[in-house]
Amino acid sequence: MVCLSQELSVEEFVERFERPRLPVVITGLCDRWRAAKDWNEDTLLQRYGDHKFKVGSDDDGYAVRMKLKHYLSYVHDREHAPADDSPLYIFDGTFADRRGSRGLRREYEVPHYFQEDLMRLAGDKRRPPYRWLVMGPGRSGSGLHIDPLATSAWNALVQGHKRWALFPPGTPRHVVLPREKGLEREAVSWFTVMYPRTQAPDWPTARPINIIQGPGETVYVPGGWWHTVLNLDLTIAVTHNYCSSATFPAIWAHTRRGRPKMSACWLAQIRKERPDLAVIADELAQRGEDEDGTSSSSSSSSSSSSSSSSSESSSSRSGPVDRCHSDRAQIV
């Protein structure tokens, strides 16, 4: 459906996309950001060339960091990134907290659709990582995964192009992510090996929603959706995971089970600031079941990020992804 020049309010976004858990591509949300102008190779190299960003983890799980000037040299050296099976990928979840890079946080704004941030009530020290600076060359990307604790996510791209494949909640893990070497770690392997299978006549489950994301576009990924992202060229983006009132029941159920200590502290603050949501949390605890019957979840990822599984849950509909334009927001 095409609706020209129709503004989309936050309330309309919630009812059309957030509550029914439908992905959408939105244009115009980052047009006025300083990041839209300044997040390019030359400017970032000049300002942050000596700062170290996370490009992966070692075998013990510790962050591996590289100076941006060395990373960009790696990206453009024909013997390195272009030759690597899965190039290194900046996926830095501490950029907004570290002294050398925290200025980047002031160069973009959380879009108005996603500003409700209930996880903040858990406290910065307790809440899971939720925001990342993302930068990588062609063939880098994130393997197929579901985001943690049933959180939803938005990904705003300021440079380059990304290819996405998304599967709705309830899609069986063993079908879309079989135990084959490399598939859990590398987006390029998944698109090479698995994507052709999804187009076969006998593919047994939902076919993926396909997106080619360009500069200035923001992809909204609802909680519970499998997704994998492949960079088609050098990309620079920012992404956040979040919890809103509309998505709270499912996120609370997953957090109570997966992060019991954090959930107790979170609920204490919810009782003070959002007693209406505390009632929902208590009802779910009394029933002893999830709001949507699902179990979760997975980790957010980098080029060599591991993908996590979710238990098979009730199916959600899939279809062509909508595109919205925001001035505030127009659907086009």
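This report walks through the cores, helix contacts and strand pairings of a predicted model.

## Ground rules and overview

Residue numbers start from 1 along each chain as its sequence is written, and side-chain values rest on heavy atoms, with hydrogens and water left out. Since this is a predicted model, local features need pLDDT of at least 70 and side-chain atom pairs count only at pLDDT 80 or more, while totals for chains, interfaces and linings use all residues.

The chain has nine helices and 15 strands; these are DSSP runs numbered from the N terminus, with helices being H or I of at least four residues and strands being E of at least two. Of the 332 residues in the chain, 54% are buried. Here buried means under 20% relative accessible area, exposed means over 50%, and partly exposed is in between (1.4 Å probe, protein chains only). Among contacts with a separation of 6 or more, 79% are between residues 24 or more positions apart, where contact means heavy atoms within 4.5 Å.

In soluble globular proteins, nonpolar side chains tend to be buried together. The largest nonpolar core in this model has 39 residues, and those with the most contacts inside it are Phe 13, Trp 33, Trp 39, Leu 68, Tyr 71, Phe 114 and Trp 154. A core of this kind is a set of buried Ala, Val, Leu, Ile, Met, Phe, Trp, Tyr and Cys residues joined through side-chain atoms within 4.5 Å. Two or more residues each come from α1 (10-18), β2 (24-27), α3 (41-48), β3 (52-57), α4 (68-76), β6 (131-136), β8 (152-159) and β13 (235-242). The largest share, five residues, is down to α4. Apart from this core lies another one of 19 residues, including Ala 250, Trp 266, Leu 277 and Ala 278.

Now for a few residues. Not counting residues up to four places away in sequence, Tyr 71 touches Val 55, Met 66, Leu 88, Tyr 89, Ile 90, Met 135, Gly 136 and Pro 137. Trp 33 sits in the loop between β2 and α2 (35-38) and is buried, with a relative accessible area of 7%. Leaving aside neighbours within four places in sequence, the contacts of Trp 33 include Trp 154, Ala 156, Val 158 and Val 238. Val 110, in the loop between β5 (90-92) and β6, is also buried, with a relative accessible area of 17%. Beyond residues up to four places away in sequence, Val 110 touches Arg 105, Gln 115, Trp 154 and His 240.

## Helices against helices

The axes of α3 and α4 come within 9 Å and cross at roughly 145°. (Axes are lines fitted to C-alpha atoms, for helices over the stretch in contact, and angles run from 0 to 180 degrees between N-to-C directions.) Glu 41, Leu 44, Leu 45 and Tyr 48 of α3 meet Leu 68, Lys 69, Leu 72 and His 76 of α4.

Further along, α8 (residues 260-273) and α9 (residues 275-287) pack at about 135°, with axes 6 Å apart. That makes α8 oblique to α9: angles under 35 degrees count as roughly parallel, over 145 as roughly antiparallel, 65 to 115 as roughly perpendicular and the rest as oblique. On the α8 side the contact includes Leu 267 and Ile 270, and on the α9 side Leu 277 and Ala 281.

## Strands and pairings

β13 is largely enclosed by the rest of the structure, because eight of its eight residues are buried. Thr 235, Ala 237, Thr 239 and Asn 241 are on one side, with Ile 236, Val 238, His 240 and Tyr 242 on the other. β13 runs antiparallel to β6, joined by six bridges, and antiparallel to β8, joined by seven bridges. Two strands pair if DSSP finds at least two bridges between them. Met 135 stands opposite Ile 236, and Ala 153 has Asn 241 as its bridge partner.

Elsewhere, an open sheet of four strands runs β7-β12-β9-β10 with antiparallel pairing. Its edge strands are β7 (141-145) and β10 (209-213), each pairing on one side only. β3 and β4 form a hairpin with five residues between them, and Gly 61 in the turn has a positive phi of about 90°.
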